[in-house]
Amino acid sequence: MSALRQSQKTPYTPAFVGGVVFFLCAVALVIWFGVKVGHWVTHQQTAPIKQVKLYGDFGHIQPTALHSKLQQHLVGNYFKLDVDEVATFLQQQPWVHQVAVRKQWPGTLVVVVTEHSPVAIWNKEYLLNKRGEVFRAPLEQLQAALPKLNGPEGAEQDALSMYGKVQALLALHQFEAAGLSVTERFAWEVQLSNGIALKLGREDTLKRVQRFIDLYPVVVKHKPEAIVQVDLRYDTGLAVQYAPPVITEKRKA
């Protein structure tokens, strides 16, 4: 009877002990790994942006100054940083047209900036790009003289398009349009670089510019005074306004 009871007891064989040890080691390893992962996650939650890479073809923008603004105002935790917020901030800066912002692991912010290309001054205080889009930037930072366009809100693209057509026609005959104005009723006036204003009205604009070109040699020979304005709002012909003659005082002998 005692022999039967002894045979029913579970012997602590080497295989049994080894299995228990392996199990305990596996549990310990899982716990250790979990702790390490927890520490890593905690560390990453406070991981800073270590560098900002700024790319673009810059003309008016000072990349060093823009880079400094980014680092001072927006660069922080890698995970918490909102790239849309960065893009919004950049698009509020002068000369910035479009931006693309992305994070690059492990701690880099990549920013690509497209700069506005100004082609005209609009209403004395704004600028137009090639698409006729209005933007604001310091005019004193312009690197070249630009034509001055004026008109009501919403007429920007029409004004820029008309300027291009008029300038192309004038340039064929050694004239240059320095500015252009349009009224709310779409009456046009062109200011030449030589100081002459062309009143073109609402219709047949390019035909009237061509009429000025054709008759200009006759007009300049008619009177010696400088021409101030040429009114071409007629079916045929034109009206010319000359500058008043300069009166010089004669000295008494």
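Leucine 24 is exposed, with a relative accessible area of 52%; here exposed means over 50% relative accessible area, buried under 20%, and partly exposed in between (1.4 Å probe, protein chains only). The residue belongs to helix α2, which spans residues 14–45; helices (H or I, at least four residues) and strands (E, at least two) are DSSP runs, numbered from the N terminus. Together with Val20, Phe23, Val27 and Ile31, Leu24 makes a nonpolar surface patch of about 460 Å². Patches are made of residues with over 30% relative accessible area and no salt bridge, with like charges joined within 9 Å and nonpolar side chains (Val, Leu, Ile, Met, Phe, Trp, Tyr) within 5 Å. A salt bridge is a side-chain nitrogen of Lys or Arg within 4 Å of a carboxyl oxygen of Asp or Glu, and accessible areas come from the Shrake-Rupley method with a 1.4 Å probe, only the protein chains shown counting as cover for residues.

The model is predicted: local features need pLDDT of at least 70 and side-chain atom pairs count only at pLDDT 80 or more, while totals for chains, interfaces and linings use all residues. Residues are numbered from 1 along each chain as its sequence is written, and side-chain values use heavy atoms, leaving out hydrogens and water.

Beyond its neighbours within four places in sequence, Phe212 is in contact (heavy atoms within 4.5 Å) with Phe175, Leu192, Leu198, Val230 and Leu232. Leucine 169, in helix α5, counts as buried at 17% relative accessibility. Setting aside residues up to four places away, Leu169 touches Leu206, Val209, Gln210 and Ile213; the C-alpha atoms of Leu169 and Val209 are separated by 7.9 Å, although the two are 40 residues apart along the chain.

Strand β11 contains aspartate 231, which counts as buried at 10% relative accessibility. Its side chain makes a polar contact with the side chain of Arg233 at 2.8 Å. A polar contact is a pair of N or O atoms within 3.5 Å; within protein, one must be able to donate a hydrogen and the other to accept it, and residues adjacent in sequence count only if both atoms are side-chain atoms.
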